[in-house]
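Dear colleague,

Please find the structure below. My notes on what was found in it follow.

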Amino acid sequence: MLKLLSASQIRSADAHTIQHESIGSLDLMERASNAFVQKFVAFALDRQTNISIYCGTGNNGGDGLAIARILFKNGYKNVSVKILHFSFKTTSDFDENLRRLAKTNISAEIFNEESEFPEEHSPILIDAILGSGLNKPLEGGYARWITHLNNLSKKVIAVDVPTGFFCDAPLDKNAIVFHADHVISFQRPKLNFLLPESAQFIKEFHVVDIGLDEHFIQAQDSNKVWVEENDIKAILKPRASFSHKGTFGHALIIAGQTETMGAALLSSEACLHAGAGLTTAFIPEPGLSALNARSPEVMAILGDLQKIEWNKFDALGIGPGFGVQVSSLEVLRKCLTHYRGPAVYDADALNMLAANKELFNLLPENSIVCPHVKEFDRLFGAHKNWQQRIETMERESTERGLIIILKNRYSIITAPSGVIYFNPTGNPAMASGGSGDVLTGILTALLAQGYSALQTTIAGVYIHGKAADELVQERKMFTVPARYLIKQLPITMGKLINSFA
Ligand SMILES: NC(=O)C1=CN([C@@H]2O[C@H](COP(=O)(O)OP(=O)(O)OC[C@H]3O[C@@H](n4cnc5c(N)ncnc54)[C@H](O)[C@@H]3O)[C@@H](O)[C@H]2O)[C@@H](O)CC1
Ligand SMILES: [K+]
């Protein structure tokens with residue numbers, strides 16, 4: 001797992017690397033600029049393209065000057081530099097890169113706050129005006145220039161951080177930010193890239209390694225981490241020989257109403273595909289023939305609460321399409337008072353917990369709750385922004401001993417230990433009804449197989465998104481309906497477990 005750092009911690013990591021690695025700050029800037037260019041070339045395949053690089057006079061601007069020189073050396077001959085010289089302050093690395101630029105044939109013009117805007121014929125703009133050094137919202141000349149540049153509607157690639165974009169402080173939706181098609185960011189994703197409020201400013205971000213001291217970074221005081229594929233490989237265990245269905249546990253999925261049987265079908269089928277030894281679904285009677293037709297492997301308990309032998313099951317998932325009527329509430333209440341094993345609470349189970357706080361207080365420690373944002377706010381109250389939600393889930397997880405998954409493009413997981421995990425997998429193709437039901441099935445299956453609640457959550461959320469990523473990347477699917485996601489699960493898990501390597 002990679003620790004996520006604040007802008008000031010990244011600055012310390014820069015300083016530490018310079019001090020301890022016998023690399024000068026200028027060399028680090030050169031390394032960062034080279035790493036930027038390596039990624040950038042994919043966005044400007046035609047080396048004849050006109051590219052304008054807008055530079056400030058700090059280190060982000062210094063990167064921009066170095067990038068101009070490196071692009072030129074790589075055959076991009078139509079590069080021009082525009083320096084927004086709004087402050088008397090320059091950094092020494094900016095100054096040195098300006099001297100190096102002067103030795104090339106690259107054209108560079110200087111503008112001040114009041115300058116007339118130059119004509120802009122380049123289809124691609126590189127934003128190297130301000131980076132992680134931003135310390136207040138843009139105003140005055142910066143605001144005027146960035147508004148103008150945004151109005152040009154060009155393809156914009158930002159260096160490290162878009163100008164005007166705060167890395168850590170809550171984002172203001174009215175903030176003036178240089179809108180970026182791509183951000184090529186150094187060493188770590190910045191916290192705000194991972195939150196939905198960034199979508200209005202950034203289409204895509206990419207992270208490049210600039211060789212900052214990883215030992216130093218990983219030792220920083222940060223409770224936020226970015227999950228990596230190796231973490232999942234370390235969690236998932238291959239199936240031992242002589243194992244049998246009993247080895248992988250018996251899962252109970254409580255889901256579905258007559259009108260929402262699909263949710264029960266999807267979650268139980270996902271549970272089966274994610275490897276539970278046995279899966280039983282508690283469903284209303286009219287759903288039986290659909291269940292048998294679709295997943296003959298899954299057993300059923302029909303509608304009658306009294307028929308559930310609670311402690312026969314190794315794991316339980318409750319909620320998808322389950323409704324919030326009295327009979328469902330009664331099942332939830334029974335589950336909270338009679339079932340002792342690990343469990344996942346989702347969808348209508350969460351809606352009932354939100355409306356019946358005395359039941360919420362009965363949730364045992366290490367229960368997994370997986371709300372989407374609306375369910376989250378129903379459960380914990382309205383929030384102004386995503387940073388506030390993260391604070392709430394961190395507090396609720398530590399106080400109640402729960403594992404909370406806030407589903408999102410980069411799903412956020414909080415653990416009783418206070419660690420906040422950001423999941424890297426998933427994509428917009430999977431944003432459709434049924435996707436969440438599949439996640440409940442996966443989580444229940446992993447719990448049934450004996451993974452701890454935290455291992456289950458970290459691995460389950462990753463697998464769910466990864467399966468969709470594979471369908472998009474390998475099968476070129478434009479949308480990923482939940483059914484397809486389910487079929488992909490054993491393949492995705494097989495790759496992660498390396499059982500065929
Ligand atoms: N050695 C290093 O520290 C490295 C830094 N790198 C680059 O350096 C950037 C950070 O550089 P700096 O710290 O010089 O900062 P920036 O270049 O982001 O900003 C320059 C200066 O602008 C001023 N400023 C901030 N917000 C302002 C506002 N709203 N209006 C007007 N002025 C404002 C501040 O005095 C700030 O120091 C990173 O984003 C990255 O691009 C990279 O070259 C890698 C190595
Ligand atoms: K920038």
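Strand S6 (residues 155–159) is mostly covered, with four of its five residues buried. Here, buried means that 20 or more other C-beta atoms lie within 10 Å of a residue's own, exposed means 12 or fewer, and partly exposed lies in between, with C-beta atoms placed from the backbone. Helices (H or I, at least four residues) and strands (E, at least two) are DSSP runs, numbered from the N terminus.

This is a predicted model: local features need pLDDT of at least 70, side-chain atom pairs count only at pLDDT 80 or more, and totals for chains, interfaces and linings use all residues. Residues are numbered from 1 along each chain as its sequence is written, while chains are lettered from A and ligands numbered from 1 in the order in which they are written.

Strand S5 (residues 124–128) runs parallel to S6, and four bridges join them; two strands pair if DSSP finds at least two bridges between them. Within S6, Ala158 stands opposite Asp127. S6 also runs parallel to strand S7 (residues 180–186), through three bridges, and there Val183 is the bridge partner of Ala158.

Where does Leu45 lie? Leu45 is in the loop between H2 and strand S2 (51–55). Leu45 counts as exposed because it has 7 C-beta neighbours inside 10 Å. Leu45 and Tyr76 are 31 residues apart in sequence, and their C-alpha atoms are 9.9 Å apart in space.

Yours sincerely
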